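Student: Hi! I've got a structure open and would like to talk it through. Could you help me find my way around?

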Amino acid sequence: MKPIISPSILSADFGNLARDIDMLNRSEADWLHIDIMDGVFVPNISFGFPVLKHVAKLAEKPLDVHLMIVQPEKFIAEVKALGTEIMNVHYETCPHLHRVVQQIREAGMKPAVTINPATPVMLLKDIVREVDMVLVMGVNPGFGGQKFIENTVEKVRELRELITQTGSKALIEVDGGVNLETGARLMKAGADVLVAGNAVFSAPSPEEMIHALKNL
Ligand code: DX5
Ligand code: ZN
């Protein structure tokens, strides 16, 4: 199976965002990955809804929105208003994760749960059947272009096993440090969706890099 490719616009040229989104529209990218940060849950701030409204208008691919913020449930309506298909919330930010997942689904989006590098896969045992996707972080969230944490490959393997055992239909997405080399190993371990920021936007031809990732 070919991977679903979700390029992260965090590494795009914000001075030429329309141009970069246009490139992604033309490319073989399947989704657009959008990283929202709050400077509280993660030590960085990316962009908010006023900017994303314009991004959403230009984007012709489904939006894969990754919220690295505390209390993400407060923004379900705003995320939905962007036309978002998939809303990712962090396990670490949701003490009432089951409720948040239901609220995202009731709002008409696909719920996904994200885990940080230090969060064990087994903690998802009671939620994995309720979500459409699990996002496994390959770096500590907050910045693009960081070094891939090797243990992520093992976590994807474990998660594939958990999904099989529980009969869950969740896709496995990996975000952070994904390039051609780590991407190939993640696919072998059982990943379905690859997010790539730096690998795409720092490539001489981002479109060709997306093509290469798609054909891993
Ligand atoms: C990191 C973000 C990622 C980031 C990935 O906190 O969640 O989506 O853009 O960037 P790369 O692919 O550069 O590691
Ligand atoms: Zn992300």
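This is a predicted model: local features need pLDDT of at least 70, side-chain atom pairs count only at pLDDT 80 or more; totals for chains, interfaces and linings use all residues.

Student: What is Val 134 in contact with, leaving aside neighbours within four places in sequence?

Tutor: Val 134 is in contact with Ala 112, Val 113, Leu 124, Val 128, Leu 159, Ala 170 and Ile 172.

Student: Okay, ligand time. Which residues come nearest to ligand 1?

Tutor: There are 22 residues around ligand 1, and the nearest are Ser 8, Pro 141, Gly 144, Gly 197 and Asn 198.

Student: And how many of the shell residues are nonpolar, polar or charged?

Tutor: The shell around ligand 1 has 12 polar residues, eight nonpolar ones and two charged ones.

Student: Which helices or strands supply at least two residues of that shell?

Tutor: Strands β2 (32–37) and β8 (193–196) each do, and so does helix α7 (198–201).

Student: Where does UniProt place the "binding site" feature?

Tutor: One unreviewed UniProt annotation with that name covers Ser 8, His 66, Gly 142, Phe 143, Gly 144, Gly 145, Asp 175, Gly 176 and Gly 177. UniProt also lists His 33, Asp 35, His 66 and Asp 175 under "binding site", again from an unreviewed entry. These four are spread over 143 residues of sequence, yet they cluster in space, with a largest C-alpha distance of 10.5 Å.

Student: Let's take His 66, then. Is His 66 buried or exposed?

Tutor: His 66 counts as buried because it has 28 C-beta neighbours inside 10 Å, and the cut-off for buried is 20 or more. His 66 lies in strand β3, residues 63–68.

Student: Where are Asp 35 and Asp 175 in the fold?

Tutor: Asp 35 is in strand β2, while Asp 175 lies in strand β7, residues 171–175. Asp 35 is buried, with 25 other C-beta atoms within 10 Å. Asp 175 is buried too, with 25 C-beta neighbours inside 10 Å.

Student: New topic, helix α6. Which residues of α6 are buried?

Tutor: In α6, residues 180–189, the buried ones are Thr 182, Gly 183 and Leu 186. Seen down the helix axis, the buried residues of α6 fall within an arc of 100°, so they line one face.

Student: What do they pack against, and what sits on the face turned away?

Tutor: The buried residues of α6 pack against α5, β7, β8 and α8 (206–214). On the face turned away from them are the exposed residues Glu 181 and Lys 188. Just after α6, Gly 190 takes a positive phi of about 120°.

Key: Residues are numbered from 1 along each chain as its sequence is written. Chains are lettered from A and ligands numbered from 1 in the order in which they are written. A residue is near a molecule or strand if its C-beta atom, placed from the backbone, lies within 6 Å of it. Helices (H or I, at least four residues) and strands (E, at least two) are DSSP runs, numbered from the N terminus. Ala, Val, Leu, Ile, Met, Phe, Trp, Tyr, Cys and Pro count as nonpolar, Asp, Glu, Lys and Arg as charged, and the others, Gly among them, as polar. UniProt positions are given in the numbering used here, feature names are shortened, and annotations may be inferred rather than shown by experiment. A residue is buried if 20 or more other C-beta atoms lie within 10 Å of its own, exposed if 12 or fewer, and partly exposed in between; C-beta atoms are placed from the backbone. The arc is that of the directions from the helix axis to the C-beta atoms. Two residues are in contact if their C-beta atoms, placed from the backbone, lie within 7 Å.
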